[in-house]
Amino acid sequence: MKNPAWLGEPFAIKDNKIFLTKKVAKRLLAEAQEAFPYEYSALLAGREATITACVPMPVSPDKHVFAWDGKTFLQALQHIRKHNLQWLGVLHTHPHTPPIPSARDIAGWHYPTLSYWIVGLASAQPEWCVYQWGRDENNASFEARDYILTEAACDDEDAIGSSAPKNS
């Protein structure tokens, strides 16, 4: 079954590169640093393999996990669809550890066509990593992927706005 139009497939082809606009990267990092020492998370949106917008999610009261309730998650997806974008991935921070998927990250990931970003804030310089879900004959896990920061001129960042869904 083909994915709905609002669900992107940035890694539909193994060698696809994913792009992140510098404007969105700057916003994500600022919001992540503001949430420190708690984990920050956001849904990433755009078109094809270019992330041009984000929807920040509520900060978890737990310093070592991010989680969303169903209503909040659905509101974020509706926000993306309303702006005629595709959901391309998820970003969250590891405030106290390197940007390597944890066992909880692996167990909780259900979207193999989307990108999975982790920003490590444990060192003086934030570390950005993007992963793709991979599967071989024995197991499934995240595989690190390259990404490209771009100046791509696009109005999506302004169109989607900055309001985060609220936890109920």
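Glutamate 31 forms a salt bridge with arginine 27 in this predicted model, the closest N and O atoms being 3.0 Å apart. A salt bridge here is a side-chain nitrogen of Lys or Arg within 4 Å of a carboxyl oxygen of Asp or Glu. Glutamate 31 and arginine 27 are separated by about one helical turn, because they stand four residues apart in helix α1. Helices (H or I, at least four residues) and strands (E, at least two) are DSSP runs, numbered from the N terminus. Glutamate 31 is partly exposed, at a relative accessible area of 22%.

The structure holds two salt bridges. Glutamate 151 forms one with lysine 22, and the closest N and O atoms are 3.1 Å apart. Glutamate 151 lies in the loop between β8 and α4 (156-160), while lysine 22 lies in helix α1 (residues 22-35), so the pair ties together parts that are 129 residues apart in sequence. Glutamate 151 counts as exposed, because its relative accessibility is 59%. Lysine 22 is partly exposed, with 39%.

The model is predicted: local features need pLDDT of at least 70, side-chain atom pairs count only at pLDDT 80 or more, and totals for chains, interfaces and linings use all residues. Residues are numbered from 1 along each chain as its sequence is written, and side-chain values use heavy atoms, with hydrogens and water left out.

Aromatic rings were examined next. The structure holds 13 aromatic pairs. Rings of Phe, Tyr and Trp (its six-membered ring) pair if their centres lie within 6.5 Å; planes under 30 degrees apart count as stacked, over 60 as edge-to-face and the rest as tilted. The rings of tryptophan 87 and tyrosine 111 have centres 4.7 Å apart and planes at 65°, so this pair is edge-to-face. The pair links distant parts of the chain, 24 residues apart: tryptophan 87 is in strand β4, and tyrosine 111 is in the loop between α3 (103-107) and β5 (115-120). Tryptophan 87 is buried, with a relative accessible area of 1%. Tyrosine 111 counts as partly exposed, at 27%.

Tryptophan 117 and tyrosine 147 also pair. Their ring centres are 4.9 Å apart and their planes meet at 65°, so this pair is edge-to-face. Tryptophan 117 in strand β5 and tyrosine 147 in strand β8 (residues 147-150) are 30 residues apart, and the pair links distant parts of the chain. Tryptophan 117 is buried, with a relative accessible area of 1%. Tyrosine 147 is partly exposed, at 26%. One aromatic cluster is formed by Phe66, Trp68, Phe73, Trp87, Trp109, Tyr111, Tyr116, Tyr131, Trp133 and Phe142.

Threonine 93 lies in strand β4 (residues 86-94). Threonine 93 counts as buried, because its relative accessibility is 0%. A polar atom of its side chain lies 2.9 Å from the backbone nitrogen of tyrosine 40. Beyond neighbours within four places in sequence, threonine 93 is in contact (heavy atoms within 4.5 Å) with Ala32, Tyr38, Glu39, Tyr40, Val119 and Leu121.

The largest pocket has a volume of about 430 Å³. Of the 21 residues that line it, Val65, Phe66, Arg104, Asp105 and Tyr116 are the closest to its centre. On a 1 Å grid over the protein atoms alone, a pocket is an open set of points with protein on both sides within 12 Å along at least five of seven lines, and lining residues have an atom within 4 Å of a point. Grid points are joined across faces, edges and corners, and a volume is the space filled by probe spheres set on the points. Both β4 and α3 supply at least two residues of the lining. Strand β4 gives the most, with three residues.

Backbone geometry was considered last. Most residues other than glycine have a negative phi, and most peptide bonds are trans. The peptide bond from phenylalanine 36 to proline 37 is cis, with omega near 15°. Proline 37 lies in the loop between α1 and β2 (41-47). Glutamate 48 has a positive phi of about 55°, although it is not a glycine. Glutamate 48 is in the loop between β2 and β3 (50-56), and it is exposed at 66% relative accessibility. Asparagine 84 likewise has a positive phi, near 55°. Asparagine 84 is in the loop between α2 (70-82) and β4, and it is exposed, with a relative accessible area of 60%.

Conventions
Buried means under 20% relative accessible area, exposed over 50%, partly exposed in between (1.4 Å probe, protein chains only). A polar contact is a pair of N or O atoms within 3.5 Å; within protein, one must be able to donate a hydrogen and the other to accept it, and residues adjacent in sequence count only if both atoms are side-chain atoms. On a 1 Å grid over the protein atoms alone, a cavity is a set of points where a 1.4 Å probe fits but cannot get out, and a pocket is an open set with protein on both sides within 12 Å along at least five of seven lines; lining residues have an atom within 4 Å of a point.
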